Each structure stands twice: as C-alpha cells, then as structure tokens.
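Let's take a friendly walk through one structure together. Have a look at the picture first, and then read on.

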Amino acid sequence: MEPLLLLWCALAALFLGHLVEAQPSPQVQERISAAIKAAANSTDINYTAFVNPFIGTDNDGDVCPGASVPFGMAKFSTDFTGYAPAGYVTDPTQMIRGISPLHDSGTGSSLGSYGNFEIMPLLCPDGFTTCTTTLEARERFRKNNTDDASPGYFAQTLDNNIKIEATSTRRAGLERFTFPKGSKPFFVLDLANDLPASFGGGTMDIDPEMGRVTIGGRWEPSFGPSFFFYQAFACYDLIDNGTQKLDEYGVWTGDTYGLDQKALGQTHLNLSINLIGGTPYQSGALFSYANDPSEVTIRVGVSFVSAAQACENAETEVGDASFEDIVNQSKALWQDKLKRIEIDVANTPENVTEMLYSSLYRSFLTPNNATDETQGPFANTTSPYFDSLYCRCFRTFYPLMALHSPIDFADIVENYIDGWRKTGWMPECRSNNLPGWTQGGSDGDNIVSHFAVTYHNEAAKLGVDINELYSALKTDAELNPPEWNIHGRQVNVYKEYGYVPFAVFDPASTGRQTREGSRTLEYAFNDFGARQVAQLLGNSADVETYTNRSLFYRNIWDPSVQSDGFKGFMQKHCSPQDTNTSHACSLQENNVNGFYESSSWEYSFFVPHDTAHLIELMGGNDTFVKRLDHFFSAEYFAAGNEPSFQTPIGYHYANHPAKSVDQVRNVVFTNFDITPAGIPGNDDQAAMATVLIFHLLGLYPIPSTTQLLVLSPFTPKYTVHNAFLNVSTTVTVANFDKRSVQKVIPAGVPAYVSNVTVNGVPAASRCHFDFYDTFRLGGEIVIELTADKDAADSCAGSLPDSLSSGGFASAR
C-alpha cells in the first residue's frame with residue numbers, strides 16, 4: 001500500500017474512533033445542516049435552527065450550552081467533574097454530577113462558576129436508604145452521542161438510560177426526566193455542593209403537602225476575593241400542578257470520610273460553613289415518586305433575594321405551562337434577537353452561516369439579566385441590574401450591540417452607571433453578584449463611552465443620563481479607590497509618573513503590583529474613552545487633559561529593546577524609587593511580568609486610537625508591515641486574547657488593506673469552526689463570538705469611536721436591523737465568490753475591496769466609514785471586490801483615524 005494511502009487510512013481510523021466517543025449527538029449537526037439547506041428556498045426563516053450551542057464547549061472555550069433565554073439569569077445545564085467552568089464539557093471521560101439552574105458562559109474561572117442546587121435522577125432498586133446521594137457516589141457517565149441542545153432547550157442521557165431535559169425563562173424553568181420503564185424515580189437535590197466547592201452555609205425545607213423544596217445559602221465568588229459571599233435561592237416544585245405524587249422524602253448528609261446518612265421523613269436542614277475547611281459538608285433532599293411514572297417534570301425558580309421570590313419567579317414565569325410551551329416561548333425570544341442580522345443564506349457557505357448565528361446566539365447569552373434580583377449595595381435598586389460582567393469584551397461585544405440592539409446596550413450601560421452610584425466606581429468585573437478582579441484598566445469606561453458616542457442623541461429616551469455617565473467616567477479617571485484590585489484604577493501614580501511604574505511606593509491605595517505595562521496601555525485607552533465623551537459634551541479643557549493622558553502609552557515605549565531583529569517595544573518601567581538592580585525591568589522571557597496574560601510583542605500593537613504614531617515609533621510603514629508579518633508568521637499572535645483582536649487589521653493603518661483581508665481569512669480558518677473546539681479558548685463574555693461576527697461581516701469597530709474598518713465579507717449580502725432607530729442597513733458584496741471564503745484566497749478570485757459606496761455615494765476611503773453615515777441612517781452599502789490584490793492594496797483615500805494625524809477631531 002502506498003505511504004500516503006496508509007497515512008490516510010490511519011487518520012480515518014483515528015477519526016472514526018473519535019466519533020464513537022464524540023459529543024454532542026451527530027444529529028445536532030445533521031439537523032443544523034438540513035435547516036440551512038431548507039432555508040435557501042424559504043422566505044420565513046427560523047434563525048434558531050442555525051445555532052449550534054456546543055461550539056466552544058471544548059478547547060477551554062467554557063461555553064454553557066444549557067437552556068437559556070437571551071441574557072437569562074437561569075441557564076440549565078448538567079455539571080461535570082474535571083475542568084468545567086460552565087458546568088458542561090464534551091470530554092467523555094468526565095462524569096455528570098447533576099443538572100443545575102445557575103451558570104455563567106464563557107468565563108475562565110478554573111474552579112467553575114455557580115452550579116448551585118444540582119439535582120440528580122437516580123435508580124435505587126434497593127430503596128431509599130441505599131440511594132447514592134453524596135457527590136462522588138452519585139456521579140455517572142453520559143450515554144455517548146446523546147447530548148442535544150438548541151436555543152431554549154438542553155438534553156442529555158445518562159449511561160443508565162435516564163434522559164434529562166431542560167428549558168427556561170429568565171429566572172425559572174422546567175426539568176423533565178424520562179426513566180426506564182418499570183423503574184421507580186428517585187432524585188437527590190444538593191444544598192451544599194457548587195462547582196467551585198465554596199459553600200458558606202444554608203438552609204433547606206421540604207413541604208410534602210405542596211410538593212415543594214425551598215433551598216438557599218451563601219457561596220464564595222468564582223473570580224473575586226474569597227472573603228466575599230453571595231446569596232442564592234431556589235424553589236423546586238415537584239408535583240407538576242398535581243399530576244405527580246411524592247412517595248418517600250427526607251434529607252441526607254455526607255462527606256468524603258465515610259458519613260452517608262439519610263433521614264426518611266425529615267424536612268429541614270440548617271447548616272453553617274465548615275470552619276475547619278476542606279471539602280464542604282454535603283447535604284440535601286432525597287425523594288421518590290409514587291406509581292412509578294416514566295416521566296417526571298419539575299418546575300424550578302431561582303432568585304438572589306429569597307426562596308419566596310424564587311417560588312414567585314417559578315409561578316409567574318412558568319406557571320402551569322407545559323415543557324413544550326416554555327421551549328416555544330424561549331425560541332421566540334431567540335428568534336427576535338437572531339433575526340436582527342439577516343444574511344443571504346442560499347449563497348453563503350454553510351459553515352459561515354452556522355458560525356455566524358451560533359456566535360450571534362452567544363452574544364446574547366451574557367451578561368445575565370438579574371434585574372429585581374439584587375443584593376448587597378444594589379438591593380432594591382430601580383436600575384437594570386446585570387451579573388457576570390467581564391469588561392475585556394469592550395473591543396467587539398458592545399460595538400456589535402450598538403449596531404442592532406441599543407435598548408439592550410442602554411440597559412447594561414445604566415447598570416454600569418448605577419455601579420458608580422452605589423459603590424463609587426463603575427464595575428470592572430462582576431462575578432456572582434460581587435466585585436471581581438480587575439484585569440486591565442477600568443474598561444467599563446470604554447463600554448459606556450462607546451454608547452455615548454453612538455447614542456448620545458437618544459440617551460435620555462433610552463434611560464441613560466449622559467452627564468451622569470460622564471461623571472462616572474471622570475471618577476474612574478481621577479479618583480483612586482482604596483482597593484483597585486476590584487474596581488477603578490491606580491490613577492494616582494499613573495498621573496504622577498505618566499505611566500504605571502514597577503515597584504512604586506503608593507501610600508494611598510492597595511492592589512497587586514503587577515501588569516505595569518498592560519495597565520499603562522489600558523489606562524491610556526480608558527482615558528481616550530473619557531476624551532471622546534468630553535468632546536461630545538463640549539468640554540474643551542477635559543478634551544485636552546484626556547487627549548494628553550491617552551498618549552501616555554508613549555512613556556513606556558523603549559526604543560532600545562530588540563527582539564527577532566526588530567527594535568523598540570512597550571516595556572514596563574521601573575519606579576524612580578526602585579534602586580534594586582537585581583531584577584529585570586524589560587521584556588520577560590516568560591511574558592508574565594508587566595503584561596497581563598500576554599507579551600510585549602502582543603501589547604506593543606495595542607494603541608487603537610493612535611496607530612499612526614505607533615507606526616512612526618516602529619520605524620515607518622515598511623518596517624511596521626514587516627513586523628506585523630513576523631508577528632503572525634512567528635505565531636506570536638493569540639487569536640484568543642483580546643489585545644490581539646485589532647492586530648490583523650493593523651495593515652489598514654499602513655495603507656495595505658489587502659494584507660488585512662488575507663490575514664483575517666487566515667485568522668478565521670485557523671482558529672474558528674463549527675465543532676465544540678471551534679473557538680480559540682475562553683469565549684470571555686462572547687468576545688470571541690463577536691470578533692468572529694465582525695470578521696464574517698467584513699467590518700471591525702474601533703471602540704469608543706464611531707469608525708468601522710472595512711474588510712471583505714464572508715457572505716454576499718446581509719442586512720442589520722435596528723428596531724429602535726427604525727432603520728435597516730443592507731450590505732451587498734459585488735463580485736462575491738464563495739471560493740474566496742477559505743484560509744488562503746486563490747489567485748484570480750475576487751476578495752479584495754476595490755470600491756465602497758454608501759447610499760449610492762462613493763465613500764471617502766475604501767478602508768473605513770462611519771456609523772453615523774451608515775448603520776445609523778440605514779440604506780445601502782455596496783462593497784465591490786476585485787481579484788487584483790495589488791490594485792486594491794491601498795485605502796484610495798484617507799487612512800483610519802489616529803489622534804496624532806488629526807483624527808477624531810470632532811464628535812458626530
């Protein structure tokens with residue numbers, strides 16, 4: 001046999017072997033592919049049918065595929081052993097702990113987030129006292145190739161043939177369990193165990209007459225100080241509006257050292273935190289059903305306020321609706337969100353359609369809308385309230401929302417402003433309703449400033465006070481919090497030195513003295529956001545102040561540092577007070593000191609508001625282009641790291657947009673696909689989802705501005721609907737050729753932008769246009785493509801804006 005044929009056979013055998021253990025069910029992809037084919041001949045398109053919730057559930061994508069509505073507080077998913085921050089993982093070697101109603105999606109907490117109130121269906125043929133209640137005892141493998149999900153629905157079958165299904169509303173849902181015929185259904189409900197094993201005490205009560213279990217307690221956050229606790233509650237209605245009957249019921253307790261006790265007929269638990277530490281003291285409810293029903297439906301409500309409110313949420317949001325009713329209601333909510341971007345399905349490659357709508361779906365999964373479910377300083381607030389805020393997504397998540405969903409955007413922005421009202425600073429990260437760790441700067445500044453520059457004319461109608469928004473921005477920019485690990489910035493030393501120094505003496509505030517290089521760069525861009533809002537408010541003095549401070553990035557440019565033949569890099573700088581010469585203060589080999597989850601190579605390209613001057617620092621256009629080429633060929637580019645998001649389009653600023661088109665094609669097909677491993681790492685509140693959407697649409701946004709960079713779309717035509725503005729914008733791609741939609745564009749295939757017109761008028765540049773001239777007005781944009789790469793490799797007009805070249809000179 002020929003060597004190549006031998007290799008192919010070996011690979012095929014490996015692939016087929018993998019399919020045996022594959023998750024999810026192959027039927028998921030078959031169903032999606034069939035829906036895309038059918039839609040090519042339909043005028044009434046169901047966009048929810050194109051969504052694959054399992055994309056990003058492998059390769060540390062940390063996506064939750066569970067049943068949820070848009071921005072749902074409740075996300076019903078099974079929880080697995082091992083590394084499973086979102087509860088679910090595809091790895092068939094991991095075991096199911098139970099299904100629970102609270103999860104985050106796309107977060108990278110190594111211990112996981114939420115996973116409270118797990119319930120596990122059991123077969124206990126020898127009776128109540130023999131049921132496996134403790135965590136390790138009850139865990140089971142799934143039945144392979146049975147995992148199923150679609151918007152508003154989740155299902156999985158255990159290896160004992162018990163099928164688990166779930167559907168949801170914003171704060172409630174239904175769980176349906178199908179048991180093998182002739183078996184008696186038992187369930188264990190867990191009070192103490194959550195994904196990060198952080199139980200801080202709680203209570204549980206069984207009301208056998210109502211057929212109801214109420215449960216609640218305190219837990220530590222997954223991404224924040226461990227001495228904070230949040231509260232959560234659930235209400236489990238067990239008798240399905242009187243159609244089911246309980247048989248035995250009671251409580252259980254256990255640990256990992258041999259304790260495993262059940263108390264038949266007992267109805268109350270009240271357990272404090274285990275002060276000696278170690279694994280949580282386990283406890284919960286155990287119950288069974290009379291008459292051996294093969295199907296059991298349980299209604300679940302959740303709350304962050306009280307068990308009574310959890311029950312009210314279940315009664316008002318689910319009531320006596322059937323499982324199918326709630327699935328259909330959820331799908332209708334998803335259809336409303338997904339139809340805001342409509343593409344030419346018939347002429348778009350199928351994988352692009354699936355990637356786009358699956359990504360759009362994930363862009364509405366988080367943050368979690370917990371309005372009216374507030375605690376701590378936000379208790380009883382009248383503002384919208386969202387949990388699970390992760391600000392590094394400011395680059396693409398919120399700019400996409402600005403195109404099609406300003407009402408949702410405004411609610412989240414008002415939530416940021418309310419954070420300033422209640423705590424003194426806007427949140428940088430909110431994890432489990434508690435302050436989370438600051439990663440970059442006060443990146444909420446760029447979120448609210450992007451809203452301001454795009455919707456300041458409508459802000460009052462959208463419920464946002466622009467003056468309050470600017471006051472919150474100024475607080476972040478000027479007032480040092482006593483503890484800047486959890487919000488705000490270390491602005492005192494930043495203003496004093498013009499950068500964040502290494503090993504600086506700071507007698508006024510506390511925080512981890514790391515990330516000096518990346519914090520300086522992020523702080524500078526935060527200041528640019530403040531500058532943009534000051535400009536639209538006509539505050540010329542603040543415009544000057546924050547323009548100057550946004551240029552502080554220049555203060556950490558070290559022209560003497562060399563790497564791979566290139567000279568000049570962003571570097572953390574030592575404090576003038578630091579006289580210790582034994583430690584390095586430059587490019588670190590392990591890329592830990594100075595740059596958060598990144599390197600100097602990567603962060604040295606992060607100056608979105610002044611790339612023109614960055615090009616000068618790097619030696620001019622030719623050197624800048626060579627350096628970009630090397631950045632990608634040397635594999636320093638990290639597609640899964642937000643500071644790199646704009647870098648593939650950096651060629652635009654050097655007047656080589658055709659190279660940006662090539663690089664974006666390469667980035668997409670090297671890092672994204674329609675498999676569970678189809679995103680390059682943690683989704684980070686749909687940051688990966690939304691950067692992919694922009695790539696597929698042939699656009700890239702500059703945060704805190706209204707400028708959009710123009711690329712080559714992966715679809716021949718799409719329309720973005722903005723119901724609030726009552727406008728629709730259609731982008732038509734002239735000379736589109738499906739053959740261009742691959743990693744390397746074949747010679748002779750049109751893919752490069754030769755001309756752009758907006759409502760029949762030639763654009764001033766084929767590299768960029770403005771939100772105010774396009775998606776805000778609605779109408780027609782035509783992007784004309786050519787196969788002549790050389791002819792298209794210039795902007796044929798102005799380059800994208802940079803402060804140093806006179807850009808961003810006035811507000812729109």
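A polar contact is a pair of N or O atoms within 3.5 Å; within protein, one must be able to donate a hydrogen and the other to accept it, and residues adjacent in sequence count only if both atoms are side-chain atoms. The side chains of His404 and Ser405 make such a contact, at 2.6 Å. This is a predicted model, where local features need pLDDT of at least 70, side-chain atom pairs count only at pLDDT 80 or more, and totals for chains, interfaces and linings use all residues. Residues are numbered from 1 along each chain as its sequence is written, and side-chain values use heavy atoms, with hydrogens and water left out.

Now compare two residues. Buried means under 20% relative accessible area, exposed over 50%, and partly exposed in between (1.4 Å probe, protein chains only).

| Residue | Relative accessible area | Class |
|---|---|---|
| His404 | 4% | buried |
| Gly748 | 59% | exposed |

Where do we find Gly748? Gly748 is in the loop between strand 28 (727–734) and strand 29 (752–758); strands (E, at least two residues) and helices (H or I, at least four) are DSSP runs, numbered from the N terminus.

His404 belongs to helix 7 (residues 397–404). Leaving aside neighbours within four places in sequence, His404 is in contact (heavy atoms within 4.5 Å) with Arg340, Ile341, Leu360, Phe364, Val720, His721 and Asn722.
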